[in-house]
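Here's a quick tour of a few spots worth a look while you have the model open.

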Amino acid sequence: MKKLAKSAMVQRLLVSFAFAYIRFVWWTSRAERDWHPEADALLKAGRPFIAAFWHSRILLMAYHWPQTGALVHVLISQHRDGAMIARAVRPFGIEAIAGSSRRGGKEALHEIVRLLEAGKIVAITPDGPKGPRQRAKFGVAYAAITAGVPVIPITYSVKRRKLMGSWDRFVLALPFNRVLLRADAPISVAGLSIEAARERIEAAMNAQLEAVDTHFGFSPVPPGPPLEIDGRSDTPPPEMASGA
């Protein structure tokens with residue numbers, strides 16, 4: 001099975017299936033877009049920011065962007081699964097940045113800052129690629145502080161879903177659905193330490209996730225165990241970046 005999973009043909013088939021499934025779910029569903037006016041203004045003005053969403057909500061996240069034609073850069077793991085995700089989302093106008101906290105994190109973090117300083121939008125899953133679930137690693141805070149850009153929490157929820165048993169409690173959206181796409185007010189991290197910024201971002205993202213799931217009558221999924229913090233909140237740890 002491992003050899004089969006590494007087969008280029010099998011990977012192409014899986015990517016094609018994933019792309020087709022995402023499209024099918026979207027085309028058969030009714031979507032509502034709830035973007036905070038300040039977040040919407042940043043997007044339409046082409047201003048740089050970090051879009052932060054939890055790993056469990058990857059599936060339909062690309063549909064936050066098509067209405068503007070914005071080119072979004074997403075941090076995705078260098079693992080084989082990450083490469084497959086990168087190929088699946090490319091048709092949606094999303095470019096991958098290879099790296100995660102486990103592999104290529106330092107280089108990816110530098111590339112994120114470079115793209116932000118060049119005026120680009122970067123999307124990050126702060127709890128990827130392996131968790132803890134709904135706990136923000138330091139990369140999102142460090143990149144926002146270094147590049148001087150805000151963080152916009154984005155997410156979605158659906159009426160019909162299957163909650164998977166994976167570490168992130170992945171939400172598999174089903175066809176013929178109702179979708180709520182939400183972006184909250186931009187979070188400013190100016191003048192904050194990395195740890196204070198990380199905590200602010202994490203709290204806002206979890207509050208947002210609870211709100212959209214409650215909208216469809218679901219109980220919130222609890223976060224995983226807190227990150228272990230050594231107290232050196234003003235010094236970036238060696239492993240900070242995160243990716244799908």
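A residue counts as buried when its relative accessible area is under 20%. Keep in mind that this is a predicted model. By that cut-off, strand S2 (residues 49–52) is covered on both faces.

**Strand S2 and its partners**
- Phe49 and Ala51 are buried on one side of S2, and Ile50 and Ala52 are buried on the other.
- In a regular strand, side chains alternate between the two faces of the sheet.
- S2 runs parallel to strand S5 (residues 121–124), joined by four bridges, and Ala52 has Ile124 as its bridge partner there.

**Ser157 in S6**
- Ser157 sits in strand S6 (residues 151–158) and counts as buried, at 1% relative accessibility.
- Its side chain makes a polar contact of 2.7 Å with the side chain of Asp213.
- Beyond its sequence neighbours within four places, Ser157 touches residues including Arg57, Arg178 and Phe216.

**Rings**
- The whole structure holds three aromatic pairs.
- One of them is Phe17 with Tyr21, whose ring centres are 6.2 Å apart with planes at 25°, so the pair is stacked.
- Phe17 and Tyr21 are four residues apart in helix H2 (residues 8–27), about one helical turn.
- Phe24 and Phe176 pair edge-to-face, at 5.9 Å between centres and 90° between planes.
- That pair links parts of the chain 152 residues apart; Phe24 is partly exposed at 40%, while Phe176 is exposed at 56%.

**Charges over rings**
- Arg161 places its charged end over the ring of Phe218, 3.8 Å from the centre.
- Arg198 does likewise over the ring of Phe138, at 5.8 Å.

Definitions and conventions:
Residues numbered from 1 in each chain as written. Predicted model: local features only at pLDDT ≥ 70, side-chain atom pairs only at ≥ 80, totals over all residues. Heavy atoms only, no water. Helix = DSSP H or I, 4+ residues; strand = E, 2+ residues; numbered from the N terminus. Buried < 20%, exposed > 50% of the residue type's maximum accessible area, 1.4 Å probe, protein only. Polar contact = N/O pair within 3.5 Å; in protein donor to acceptor, adjacent residues only side chain to side chain. Contact = heavy atoms within 4.5 Å. Pairing = 2+ DSSP bridges. Phe/Tyr/Trp six-rings, centres within 6.5 Å; stacked < 30°, edge-to-face > 60°. Lys NZ or Arg CZ within 6 Å of the ring centre and 35° of its normal.
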